[in-house]
Amino acid sequence: MKHFFPTLLAGLLLSLGGCASLLAPPVNPGEPEAQVLARLGKPTGTYQDGNDVLLEYSRGPFGQATYMAKIGPDRKLVSYEQVLTLEKFATIKVNQFNQNDVLRTIGKPIETIYYSRVKLNGWNYGYKESGVWNSMMTVYFDDSGIVRKLENGPDPRYEHTRFGM
């Protein structure tokens, strides 16, 4: 038993060290696009944004993060950021943004649902609100693809744990 705790502590420290490296940006501004692609792999989406190209790196349907790597006209990394945040959602302009604007801002949704009664298409984005709460942001589009509203709430994929079920 007395060897158990030092082993447990060593394992914990090693795993925390691994987490720290996962949280650090794997790429840095100024790096060539080829180096960014070599480090991050194939993007889950690519979007033209003026003279820049945005490379989307989604963490999948149960991941709560999507990263955007902005590549400038000189083919070098301008920025790399996690875009599923309240701050980034707040930049989406109701009655002005269209679906392409939303894709360039926060990437692809984890799911889409059409609400025929109100004639709105909802794009759902699961994310970790304030780094704590399992949340779902829904961006609603009308039939012409214009954002009509945003709605934030708990992520139903995690709600069963909240009620002890």
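## Contacts and overall make-up

Residues 24 or more positions apart account for 34% of the contacts with a separation of 6 or more in this protein chain; a contact here means heavy atoms within 4.5 Å. The model is a predicted one, where local features need pLDDT of at least 70, side-chain atom pairs count only at pLDDT 80 or more, and totals for chains, interfaces and linings use all residues. Residues are numbered from 1 along each chain as its sequence is written, and side-chain values use heavy atoms, with hydrogens and water left out.

The chain contains five helices and eight strands. These elements are DSSP runs numbered from the N terminus, helices being H or I with at least four residues and strands being E with at least two. If you follow the sequence, the pattern reads α-α-β-β-β-β-α-α-β-β-β-β-α. The chain has 165 residues, and 34% of them count as buried. For these labels, buried means under 20% relative accessible area, exposed means over 50%, and partly exposed lies in between (1.4 Å probe, protein chains only).

Four strands form an open sheet in the order 5-6-7-8, and their pairing is antiparallel. Strand 5 and strand 8 (147-154) are at the edges with a single partner strand each, so one side of each has no neighbour in the sheet. On average, neighbouring strands of this sheet are turned by 25 degrees against each other, direction ignored. In general, strands of a sheet pair through backbone hydrogen bonds, either parallel or antiparallel.

Strand 6 (residues 120-129) and strand 7 (residues 133-141) run antiparallel and are joined by nine bridges; two strands pair if DSSP finds at least two bridges between them. Across this pairing, G126 stands opposite M136 in strand 7. Helix 4 (residues 99-106) packs on the sheet and touches strand 6, strand 7 and strand 8, with a direction at about 10 degrees to that of strand 6. Such angles run from 0 to 180 degrees between N-to-C directions, and the axes are lines fitted to C-alpha atoms, for helices over the stretch in contact.

V102 is found in helix 4 and counts as buried because its relative accessibility is 0%. Beyond its neighbours within four places in sequence, V102 is in contact with I92, F97, G107, W123, Y125, V139, F141 and V147. One of these partners, V139, is 37 residues from V102 along the chain, with 8.6 Å between their C-alpha atoms.

T66 has its place in strand 3 (residues 66-71). T66 is also buried, at a relative accessible area of 3%. Setting aside neighbours within four places in sequence, T66 has contacts with E56, Y57, S58, E81, Q82, V83, L84 and I106.

## Salt bridges

Side chains of opposite charge can pair when their charged atoms come close. Seven salt bridges turn up in a search of the whole structure, a salt bridge being a side-chain nitrogen of Lys or Arg within 4 Å of a carboxyl oxygen of Asp or Glu. One of them joins the side chains of D49 and R104, at 3.8 Å from N to O. This pair links distant parts of the chain, 55 residues apart, as D49 is in strand 1 (residues 45-49) and R104 in helix 4. D49 is partly exposed at 28% relative accessible area, and R104 is partly exposed at 26%.

R104 also forms a salt bridge with D101, where the closest N and O atoms are 2.5 Å apart. Both residues lie in helix 4, three residues apart, which is about one turn of the helix. D101 counts as buried because its relative accessibility is 18%. Together, D49, D101 and R104 are linked in a network of salt bridges. Another salt bridge pairs K88 with E81, with 3.2 Å between the closest N and O atoms. K88 is partly exposed at 22% relative accessible area, and E81 is partly exposed at 34%.

I113 is found in strand 5 (residues 111-115) and counts as partly exposed, at 31% relative accessibility.
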